[in-house]
Amino acid sequence: MFDTKKILKMANKDFEKAWRETKELIPNKHIDKKYPRIKPEFGKSHPVIDTIEQLRQAYLRMGFEEYINPVIVDERDVYKQFGPEAMAVLDRCFYLAGLPRPDVGLGNEKIEKIEKLGIKIKDSEEKIENLRKILHQYKKGTLDGDDLVFEIGNALNTSNEMGLKILEKVFPEFKGLAPESLTLTLRSHMTSGWFITLSELINKKPLPFKLFSIDRCFRREQKEDKSHLMTYHSASCVIVGEDVTIDDGKVVAEGLLSQFGFTKFQFRPDEKKSKYYTPETQTEVYAYHPKLKEWLEVATFGVYSPIALSKYGIDVPVMNLGLGVERLAMITHNYDDVRKMVYPQFYENILSDRDIAHMVKVDKVPITDELYNLTYDIIDACIKNKDKESPCEVKVEKKIKFYNTEKTIKITLFEKEEGKKLLGPSILNEIYVFDGNILGIPESFEGVKEEYVKLLKDAKDHGVSTCIRYIDSLCFKITSKIEEALISNTNELKIRIPIVRSLSDVNLKIDELALKQIMGNNRVIDIRGPVFLNVKVEIK
């Protein structure tokens with residue numbers, strides 16, 4: 001804490017001097033608690049979910065009411081809606097299937113097997129009858145499969161674990177069961193759900209009305225690629241009323257997409273001509289995005305066919321507009337591959353350059369405050385004298401208390417060979433992370449090979465600095481070694497680091513998670529450079 005009275009007295013006497021000296025009152029953070037090794041923590045939302053929420057709010061602002069449509073659709077509804085096209089549509093659908101329930105008897109052979117497992121059942125007609133009832137209930141569907149093991153155990157007055165063992169060892173009929181297809185499908189078009197929903201609302205809700213639904217659809221694609229997934233989100237709406245036409249679709253498209261930054265719109269006839277739309281109403285929406293400077297296909301709308309509507313008892317026109325959420329999210333979040341956007345855990349690097357910079361830390365750091373602070377005295381001496389002509393030496397001396405004993409630490413930085421400088425040219429290189437690489441960037445690019453200059457400049461301009469120079473981490477290594485010497489009662493030590501080739505050479509370490517990503521993505525850790533650091537330490 002500050003001595004406020006003393007500070008004010010100093011300021012009244014000589015403000016300029018007090019202003020400069022009070023700098024020492026602000027603590028120097030531990031090097032591993034300095035930026036960027038500390039960082040703000042934020043949650044991160046998914047671009048698809050963000051786009052869904054934006055679409056929800058956009059629809060709500062336009063007066064639409066939100067509904068949830070059925071996800072499981074019987075194939076009979078597909079035939080009703082799509083007419084002759086139904087078979088082609090169903091080819092794209094996932095059919096649901098279920099395991100058959102076997103008719104399992106309880107003869108003498110099975111009773112013998114249960115006896116061999118240690119369950120006394122032969123002389124208990126009650127247990128045999130209870131087990132028969134359970135098997136019968138399962139066959140009839142009045143007992144759920146996930147309750148079967150528990151109920152077998154109850155019927156035989158034994159544990160749940162033994163019930164499972166009996167099911168496995170005594171009733172092999174359950175092991176070879178194969179799924180049998182049902183007539184139920186997973187919704188491949190939101191349209192399938194709208195017909196079912198509107199058939200229930202048409203005589204209950206006053207006309208006109210506007211509804212929207214944003215939910216998953218499932219499509220049996222031949223393969224997933226950069227623009228196709230087997231499950232995607234549809235942002236779909238309907239307007240139901242006596243005067244509804246395709247002009248309502250144009251208005252909705254403009255109103256919806258203008259909220260996402262699209263400016264100009266083109267409405268082009270869709271050549272697919274789906275049979276659930278009225279002829280000459282199926283329309284593709286192309287919108288111009290000023291940021292991307294191109295026209296993009298973003299939605300489709302049309303008026304449902306009176307034939308399909310009539311099959312559901314709907315006697316007024318219905319305009320439907322459908323928009324692929326992932327398609328819009330790719331545009332607004334600047335992705336070129338839907339797989340990378342939806343499933344980044346499988347296709348993209350999880351760690352950003354900022355994340356990797358956070359994971360680069362100084363390896364050895366002294367624990368005691370006095371030696372920690374001595375590090376900065378050594379750093380200052382190195383920087384001031386780094387270009388001193390050799391042969392030369394620079395001394396740093398300090399008295400410290402170590403376990404109630406006063407010690408004098410004498411540090412000599414030296415270079416004996418003539419025609420050199422005290423320290424090598426890479427001593428002030430700074431560690432940067434750029435495009436997943438860890439690089440040592442010099443203060444100046446003079447003397448750097450031409451083929452490396454652009455990379456180093458880009459890293460310095462666009463990468464993330466760790467704010468660690470070689471001299472910083474190396475001086476912490478020196479004071480850490482001094483601390484080890486004090487503990488072991490060593491009076492003298494020498495440290496020599498001629499050339500840096502790896503992070504450990506400059507007393508740095510990196511989290512294994514970051515290292516795995518760097519190596520797995522063929523990125524590099526390149527911090528090579530001459531530092532020519534020679535140190536002699538005497539302890540008295």
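1. R220 sits in the loop that joins β5 (209–218) to β6 (231–240); strands (E, at least two residues) and helices (H or I, at least four) are DSSP runs numbered from the N terminus. The model is predicted, so local features need pLDDT of at least 70 and side-chain atom pairs count only at pLDDT 80 or more, while totals for chains, interfaces and linings use all residues. Residues are numbered from 1 along each chain as its sequence is written, and side-chain values use heavy atoms, without hydrogens and water.

2. R220 is partly exposed because its relative accessibility is 36% (buried is under 20%, exposed over 50%, partly exposed in between; 1.4 Å probe, protein chains only). Leaving aside neighbours within four places in sequence, R220 contacts D91, R92, C93 and F94 (contact means heavy atoms within 4.5 Å).

3. S480 belongs to helix α19 (residues 470–487). At 7% relative accessibility, S480 counts as buried. S480 touches K364, V365 and P366, not counting residues up to four places away in sequence.

4. L25 lies in the loop between α2 (15–21) and α3 (47–61). Its relative accessibility is 41%, so L25 counts as partly exposed.

5. Which residues of α8 meet α9? L148, V149, F150, I152 and G153 do. Their partners in α9 are N160, G163, L164, I166 and L167.
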